[in-house]
Each structure stands twice: as C-alpha cells, then as structure tokens.
Amino acid sequence: MNAPRASAWRIVLILLAVMIALPAFVMGAELSHALGAVRAIQSSLAGGAILALIAALAGAAGAHTRKTTYELITDAFGEYGARLANGVLGLSILGWYGVVAMMFGQALASVSPALARAPIWALALGGCVLTTVTAMIGFRALDLLSAITTPLKLLLLAWTFIAALSGGLYPVWSFVPAIAMPMGMGVSMVAGGLMVGAVLSPDICRFAQSPRHAALACALAYGLGFPLVLTLAGLPSLASGDKDLVRIMLTLGLGVPALLIVALTAWSTNSFNLYATTLIGSTLRPRQPPWQLTLVAGLVGTGLGLAGIGELLVPYLLWLGVCIPPIAGIYLIHVALAPSGAAIASRWRADALIAWAVGSTWAALSPPWNLALTAVPALDSIAVSALIYGVVHRLLRYPGAEISVVAKLGQGRTVSAADRSIEKF
C-alpha cells in the first residue's frame, strides 16, 4: 500500500497545528513584554527565518528519501548509535508531551468554575486519552485534525487579537520594557524554542509530493506562520497587561473560544508528539504494531506529566538545546554525502558520534566561554556538528563522500524497508 502524498498546503496546516500551542502563547507574551512590540516582531521573524532554513533542509531530506527522522538518524549513526540518539530524542518528546499535558489541565481549570472543581491531574489525564487515541490512528488522523483545527485556531487567535486591540494600538506601540532583553536573546528564544520541531520535519515531510513541496511548506510554516502566532499571542498581552492569553480571552468575555483554543491546541500538539514518539519506537521494534507503541508512549508521557516534569521545564529546555540540534546537522550532511540506498557499514558510526559529542559540547560551553558563532546556540551546534561530521566522514573514508548536497537533493527518491513497515501509520 502506498503512503499518502501531501501537498505543500496540507503540510503547512499540519505544522501550524503543532505550532499553535500553549507554550507558543507564553513565548509570544514573554517576548512582547521583554522587547516591546516592534523588536518582538523583528526577533520573531529573525528566529523564524533560522527555523525555516533548518526545517526546509530537513523536510527536503525527508521527502527525498521518504524516511522518517529516526530512519535518517539510523543511516547516519549506525544501528546501535541510532538507538542512543533516538533514545535521547524520544525522551525529549515524551517530556514535552508531559509538560503540555499538565499545561492543558491547568488552562482548562482556569476557563470555568465547573472545570476548576475537577483535579488538574484528571483534566490532564482526559487530554492524554484523547491524544493517544488520535495518534494511534496515525498520519491520516493528524492530517484530518489539522485541516479542521488549524483554521479554527487561527480564527480564534485573530478574534482575540482584534478584541484586545479594539481600544487602539497606541498602548501597544508605546510600551517600553523596564529592562529590555537583548535582541539576540529574543532571536535565540524563538529559534531554540521550536528547534526540536524543525529537526523532526522529515516525519511529516516524507509524505510530501516532492522535496520542493516539503521545503516550501517548512519555509512558510516556520518563516511566516510561527512569527504570526507569536505576534497574535504577544500584542494582546501588551494591550491588556496580562501575559496569560486564556485569561485575556476570559476578561474579554470569550469564554467558549478560550475553552476551544485550550482544547484544540493541546489536542493537536500532543497528538503529533505521540506520533513522533511512535515512529522512534518503530525503528527500535519494527515488528511491534504501531498502535501498541503509541499506547505505551502515551502511558509513559502521561506518567512524566503527572510526576511533575513541568517543574523542571527550564533545565529540560536547556538539555534539549544542547543535545538535539546537532543530530540534525549530522543527518542532513549524511543525506548529502551517502549514496542512495547505501547499506550501513557498521553498527556504530564514529564520525556521527564524534560530531554529536563536539556539537553538544559546543552548545553547552560556547555561551559561558564567549565562543558563540551566532546569537543562537542551537544554530551554532548544528553548524559545528555538520562541519565536524563532514571532515571526519572524509578522513574515515566512508563511501559516497564526494556527492554534493545540491545533486543529492535533486535526485530521485528511495523508500526504505522500515518505512514500508509503517507507511500505513
């Protein structure tokens, strides 16, 4: 059975469904209050441009090879090396699933007195059940969910934006932060906050009609869509003086829209998180039915949320920024250098592991040591890991190092055996 082929517009809807999320609302408000309206919009666009570049390259790689992120990682790291990298990536996604689940419960409790009487853990658990069932169906469920919810969520955001700014734009444009955040830090917040999503672009873009469709979809979603979401969430917070978008909606009398946007954002975001985790499990246990992997991932993610992983959000985000971005730099260069259909030469790939270690170390140490190449540590780590991988790859004389990036992304596509085993999902 052939996997579905998605147009650029359908992929944009799916990506936006993930981006329009409770954490993005928080980020938009924080940016606006820390930078002011104009500089917040500028930092959102700059950070979005960085994300668009990374996601477009990753998405084109997924569409070119018809492989998931985790299969691309396996090709680059080797069988055992990929288990380590995919394990780190899977844990990060499940942790984020738990964070969003608890934010969902807390947001629902603030929407109405009736829901406030229910325990937050019970509200969070209900959301986890819904997202687990959706993710068990697979890509087709994500496609249908995004087609319905993404336009609705954008409409609700726009409604809130217009209602909050109905008194005029002067309070927004005239706002001056008491202590202004450096512009580079704002750009880093935007780019680093969604870098994991850019790394995971092949999971959705492997269904694109072509690499060009995938790259275009990622460029639109990350380069324009995400900054738009941040702006629609951030400027109303300046007008109202409140950083909580849900509370702003309630103050404006938008009780039902507030309930809808809380439910829809958590539903689409965590459905994708479970879908991505299931794809990791499919590379580790290819004979296991995907729905069973989704069920296990849902139980683990729910457990992490109920155990209080949200209280460790700051160190968790720092850990993501150090460990995850270098993986993208490595698998992107590998797609460019490795011949199509090339067999994995060994179970451990020294070039990938060395590049990952160096890229992660750079991300961790460059800010305190003032060695940063750019204002975005995640971007630095991708560039460093990609450079180290390319150099070590050539020194170790792995086959296919002479093939260029442009030539590879322009060639025909291949379909892996592992992808065939999960293409229904």
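## Helix packing and buried residues

Helix α3 passes helix α10 in a right-handed crossing. This is a predicted model. In it, α3 covers residues 37–65 and α10 covers residues 183–193. The two helices pack at an angle of about 50°, and their axes lie 8 Å apart. α3 and α10 are therefore oblique to each other, since an angle between 35 and 65 degrees is neither roughly parallel nor roughly perpendicular.

On the α3 side, the contact is made by Arg 39, Gln 42, Ser 43, Ser 44, Ala 46, Gly 47, Gly 48, Ile 50 and Leu 51. Their partners in α10 are Met 183, Gly 186, Val 187, Val 190 and Ala 191. By type, the residues of this contact between α3 and α10 comprise 7 nonpolar, 6 polar and 1 charged.

A search of the whole structure for disulfides finds 0. Cys 205 is in no disulfide. The cysteine sulfur nearest to Cys 205 belongs to Cys 218, at 3.5 Å, whereas a disulfide requires the sulfur atoms to be within 2.5 Å.

| Residue | Relative accessible area | Class |
|---|---|---|
| Cys 205 | 0% | buried |
| Thr 278 | 1% | buried |
| Cys 323 | 16% | buried |

Cys 323, at 16%, counts as buried because the class takes in values under 20%.

Thr 278 is part of helix α15, which spans residues 255–284. Between Thr 278 and Val 296 there are 8.9 Å in space, C-alpha to C-alpha, and the two are 18 residues apart in sequence.

Methods: Residues numbered from 1 in each chain as written. Predicted model: local features only at pLDDT ≥ 70, side-chain atom pairs only at ≥ 80, totals over all residues. Heavy atoms only, no water. Axes fitted to C-alpha atoms, helices over the stretch in contact; angles between N-to-C directions. Helix = DSSP H or I, 4+ residues; strand = E, 2+ residues; numbered from the N terminus. Parallel < 35°, antiparallel > 145°, perpendicular 65-115°, else oblique. Left-handed = near helix turned anticlockwise from the far one by under 90°. Contact = heavy atoms within 4.5 Å. Nonpolar A, V, L, I, M, F, W, Y, C, P; charged D, E, K, R; others polar. Buried < 20%, exposed > 50% of the residue type's maximum accessible area, 1.4 Å probe, protein only.
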